[in-house]
Amino acid sequence: MRAYDVILKKRNGGKLSREEIGFMVRGYVDGEIPDYQMAAFLMAIFFRHLDEEETYYLTEAMMKSGEILDLSEIPGKKVDKHSTGGVGDKTTLVVAPLVASCGVPVAKMSGRALGHTGGTIDKLESIPGFRTELSIDEFVENVKRYGIAIVGQTGNLVPADKKIYALRDATATVDELSLIASSIMSKKLAAGSDAFVLDVKFGTGAFIKDIKESRRLANLMLNIAKRHGKKAVAVLSNMNQPLGHFVGNSLEVIEAIETLKGNGPKDLEELSITLGALMLELAGDSKFEEGKKILKRKIETGEALEKFRVLVKAQGGDERVVDEPWKFLPVSKRVEEFKSEKEGYVSFIDTEKVGTASMLLGAGRKKKEDKIDPGAGIVVEKKLGDFVGKGETIAKLYVSEKSDLENAMKLLKEAYVVSNTPPEPFRVVEEVIR
């Protein structure tokens, strides 16, 4: 078999076999297939696409490129949750302790931020002392002992994805659905959970803007899970405005803690309860509607918050953040205000621009090497449908000396549209796909 022949076959619209796809993935990881041939292969996929079976084969080959975790010594059904990423999306910080407080083990591997979306690991690392790098043995032991652990992905988990994603990023082939689905699902499957809840975003702050495309991606990932004998459910959630009010690392931890205390914003609470109830359902613990009631009670009784405290303490973090987050989390002292130039209703938000503005303040990364400022970010005071007076504050910017305040303000000005009529009512959960 030659790489040239596989590239030519896909370029001409042919269907690839499991062996051909496996050959390309293994050859690239082993260094036998050079960058230029893998780049040509990815471009052929971009234009000719992979069908569901080919996408399954690619996922399988990538999953098998490195270590596959065995979580069988953790009692109970392990249910993982994945989000395709959005502005202000701190749901893992709420959902993981919520579900774990119900006795369902949560063994979660999460990523870092790149671009306008924040990573769960960056948020947790804003908690003083919190360790996100645990050995596999420590990770499994923590889940067995405390019912919860959230860590960064291990170095030997799906090495094919790391290598291929870097090439996709450099060759403008990132936004191909079959490549996105295989990238996400290869990591989820290799991480060893029994079932998955997939939060697939759409809208101005999502990677995929169009809801129809997001639905296609969701169904593609559900099909991959099914072919691997895993249960999965997808939620289509709306990113046409930031999730909650806080965007930035320490700020999002604060909002997650407030949500676990029962004081969170309605959209964040609704999405978190929905995702959590689906996780309980997949674990076999309760039906969806009953699960929502159980989770709301866990917030009311304080059990969910206590499980978050357990997580923080178990991974070396300063548990005082749970009681006084504003005092013990690093939050920038300097605050600037973005104000409305006219009176009216917030009728449109370009959420990606809000996310990019927070990145310019220091809350995200342009390049993988960039350092994140945990104290930087944005508090969104006005969201879709809110009335705003002329000169009234729309958002507060938490800035440092390194922040590009001028361009962040410029982006917020472009992001917000204020008009005489309010928009249609906003729904954060659009659809559940089983």
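Glycine 284 takes a positive phi of about 85°. This residue comes just after helix α12. The model is predicted, and the values given here are computed from it. Helix α12 itself spans residues 266-282, 17 residues in total. From first C-alpha to last, α12 reaches 24 Å. That is close to the 24 Å expected at 1.5 Å a residue. The helix is mostly covered, with 14 of its 17 residues buried.

Helix α5, residues 91-100, packs against α12. The two axes come within 9 Å. They cross at roughly 45°. The crossing of α5 past α12 is right-handed. On the α5 side, the contact involves Thr91, Val94, Val95, Leu98 and Val99. These residues meet Leu268, Leu271, Ser272, Ile273, Leu275, Gly276, Met279 and Leu280 of α12. By class, the contact of α5 with α12 comprises 10 nonpolar and three polar residues.

Alanine 304 lies in helix α14, residues 303-314. Its relative accessible area is 0%. The cut-off for a buried residue is under 20%, so alanine 304 counts as buried. Neighbours within four places in sequence were left aside in listing its contacts. The remaining partners of alanine 304 are Pro97, Leu98, Ser101, Leu260, Lys298 and Ile299. Of these, Leu98 is also one of the α5 residues that meet α12. Glycine 291 is 13 residues from alanine 304 along the chain. The C-alpha atoms of alanine 304 and glycine 291 are separated by 14 Å.

Positive phi values also occur at residues other than glycine. Histidine 49 has a positive phi of about 65° although it is not a glycine. Histidine 49 is found in the loop between α3 (35-48) and α4 (52-63). Its relative accessible area is 41%. This value falls between the limits of 20% and 50%, so histidine 49 is partly exposed. Valine 158, likewise not a glycine, has a positive phi of about 50°. Valine 158 sits in the loop between β3 (148-152) and α8 (159-170). With a relative accessible area of 1%, valine 158 is buried. Histidine 49 is thus partly exposed, whereas valine 158 is buried.

Conventions:
Residues numbered from 1 in each chain as written. Predicted model: local features only at pLDDT ≥ 70, side-chain atom pairs only at ≥ 80, totals over all residues. Heavy atoms only, no water. Helix = DSSP H or I, 4+ residues; strand = E, 2+ residues; numbered from the N terminus. Expected span 1.5 Å × (residues − 1). Buried < 20%, exposed > 50% of the residue type's maximum accessible area, 1.4 Å probe, protein only. Axes fitted to C-alpha atoms, helices over the stretch in contact; angles between N-to-C directions. Left-handed = near helix turned anticlockwise from the far one by under 90°. Contact = heavy atoms within 4.5 Å. Nonpolar A, V, L, I, M, F, W, Y, C, P; charged D, E, K, R; others polar.
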